[in-house]
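Please keep the sequence and the structure in view while reading.

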Amino acid sequence: MSFPYRNALTFLSMLIPYAAGIIYFYDFNSILSSKVLIWINLGLFIILLIINSYYKEFKAYHFKTFTGFVFQLLLFFFGGLSCRSHCQFLKPDYFTKIPSGYLKLRINDEPQYKGGLLRFKASVLLAYQVKAASDQRGKYLLSTPVSGSIMVALKMPLAASLKLGYGDELIIASRFSEVKPPDQPSEFDFKSWLAAQNIYQQTFLKAHQYLKIRGNNGNPVLRFALELRKKQVKRYTGLIKSKEAIALASTLILGYRTDLSKETLDIYSKTGTIHALSVSGMHVGLIYMVLNVLLGFLNPLKKKELLKLILILPLLWFYALLTGLSPSVLRSVLMLSVFLVAKSSSRPANSYNIVAFSAFFILVYNPFLLWDVGFQLSFLAVTGLIYLQPKIQQCWYIENKWLHKLWGLMAMSFAAQLFTFPASVYYFHQFPLYFLLSNLFIVLPIALLMYLGILLLFPGFSFLAPLFEWLINFTNLGLQWIANLPFASLSGIWISKMELVWLCSALIFLVLAGVHLQKRALLAAIASFLVLQSCLSYDQLVVYHQRKIIKFKIPKQQATAYLFSNHATICTTLKQGDKAFVYFIQPALDQHQIKFVKLVPP
């Protein structure tokens, strides 16, 4: 088609309106139904088709702006249609809309056992109704195909939980409830988190309240990959003595985070190295480097790039499948695949276009991934690396080879942290001050751990297990030392959505001013910072005058907080180090900027 998008940023121009459509129609309160959206998309497509068919007759090249506007409008409504079509509870056969006594489920992810509960997400396949026979002598089950997903929690011993896995089908009683929102705004919003995964209902069952059906009807490729991952985790368990080292190895190499302790997660979070525990671009890049070196014997051949492409791509996608196809891995492998295809065909590839291409097709596959925090941080980080890292590195030229590489790593870390800073503060309410030190510290150990961990998965390399375990403990101790330094991280940072917008605006204009030396951009950055500071000052004023009573709903516990300015008196039997206090009470105190806490018995 003769559109004004024949430039290096074609997919970026497509991604923006498509994502805007997803955002606008996500709340499902729009008066435009799916049928109306289909007709709108069809009408806009026909207009573009007519313009393209009679391009010269209509002299459409005089109306490129109009053509581009119609094309972006089509992408906007296509994003809305994708969002609505993806939402399960809008479908007429959604399982809550069909009367039922029993439900047939299929486990669609790997069950996770913790605290005596086996949790998993399941697809609802059939709804059974108990009907009386026409002769009134008996009853029979009437099955109706349904759709939808549900979060299941089974209370059972560990031994029984091992009998359930991906693809297993179960019959359960049709007793479910809508996922409730958090009692306090500061608590983790489990309802929104599940809604972004298209899950709106949950059920809690005991071990005798389900029936497992024979057979397994899950995706055979995914089932094979998950079973293979289980075997590899068992191999680590047999070779490594420390449970924490086993958990870290499984997380780092295989993306299996079930057994990782909260203490380890806190250490990596406080030091700004949590990305190392999420299989992403760094891990995929390290694997690609190894494969590229191993296939170096193909370099003398004329079609070396094509041969490497044929051999490397399946292995990269198999690794992505093995780690559960998380958004970060999917983005990394997809981007690397596009880059390798472009390289093998000797075509120049625009980095921004590759990133936009990956994001666009991932969102076409699953529009709700736009709300996934990992998806957001992943694309923000890689955008920062592409745009800002080279510019930071060019600011200071160092002749020494090793110092130049060190400066490059620092520029990379700074660029990624700057672009993810607003989202990290908004979602996690903390910021690591020593992120440069900690990221420089883990560069070599993480690379060695990746290579050693992969080698351990093959027979004949078991002798490397002690070295591998020692390196894990060394890395953890080093990060723990950094995390325990004074002022290692700023915690308890709470900003509103509007403050997030002003923070993003200020940083964008500040980066533009620094890169392009634009006076207007600098003035816009200063103005945005002043507005942000005004909002924060207003928050402080509200805190100074706050008088509030908060009653917490904690299982098997009671707690009431009396807030007076930045002081809080809490009536509870809990201590500040208890898990219930940290999970339910401390976030509310941080959100209300409480500095002084007094605990009294009820």
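Two strands are said to pair if DSSP finds at least two bridges between them. The model discussed here is a predicted one. In this model, four strands form an open sheet in the order β12-β13-β14-β15, and the pairing is mixed. The edge strands are β12 (547-554) and β15 (596-600), each of which pairs on one side only. From one strand to the next, the twist averages 20°.

Phe 564 stands opposite His 567 in β14. The loop between β13 and β14 holds Ser 565. The phi angle of Ser 565 is near 60°, a positive value in a residue other than glycine. Ser 565 has a relative accessible area of 12% and is therefore buried, since buried means under 20%. Helix α20 (residues 579-591) lies across β12, β13, β14 and β15 and runs at about 160° to β12.

A second pairing involves strand β6 (residues 168-173). Strand β1 (residues 102-107) pairs with β6 in the antiparallel sense over five bridges. The bridge partner of Leu 105 in β6 is Leu 170. Is strand β6 mostly covered or uncovered? Six of its six residues are buried, so β6 is mostly covered. On one side of β6 the buried residues are Asp 168, Leu 170 and Ile 172, and on the other they are Glu 169, Ile 171 and Ala 173.

| Helix pair | Angle | Axis separation |
|---|---|---|
| α2 (residues 34-53) and α3 (residues 64-86) | about 155° | 9 Å |
| α6 (residues 220-239) and α7 (residues 243-254) | about 145° | 9 Å |

For helices α2 and α3, the packing angle is about 155°. That makes α2 roughly antiparallel to α3, because angles over 145 degrees count as roughly antiparallel. Helix α2 passes α3 in a left-handed crossing. Among the residues in contact are Leu 37, Leu 44 and Phe 45 in α2, and Phe 66, Val 70 and Arg 84 in α3. The residues of the contact of α2 with α3 divide into 16 nonpolar, four polar and one charged.

The crossing of α6 and α7 is right-handed. In this contact, Arg 229, Gln 232, Val 233, Tyr 236 and Thr 237 of α6 meet Ile 246, Ala 249, Ser 250, Ile 253 and Leu 254 of α7. By class, the contact of α6 with α7 has six nonpolar, three polar and one charged residues.

Two further loop residues complete the account. His 429 is placed in the loop between α15 (401-428) and β10 (430-432). Its phi angle is near 60°, a positive value in a residue other than glycine. Why does His 429 count as buried? The relative accessibility of His 429 is 17%, and buried means under 20%.

Ser 278 lies in the loop between α8 (262-270) and α9 (281-294). Ser 278 and Pro 587 are 309 residues apart in sequence and 24 Å apart in space, C-alpha to C-alpha.

Key: Residues numbered from 1 in each chain as written. Predicted model: local features only at pLDDT ≥ 70, side-chain atom pairs only at ≥ 80, totals over all residues. Heavy atoms only, no water. Helix = DSSP H or I, 4+ residues; strand = E, 2+ residues; numbered from the N terminus. Axes fitted to C-alpha atoms, helices over the stretch in contact; angles between N-to-C directions. Parallel < 35°, antiparallel > 145°, perpendicular 65-115°, else oblique. Left-handed = near helix turned anticlockwise from the far one by under 90°. Contact = heavy atoms within 4.5 Å. Nonpolar A, V, L, I, M, F, W, Y, C, P; charged D, E, K, R; others polar. Buried < 20%, exposed > 50% of the residue type's maximum accessible area, 1.4 Å probe, protein only.
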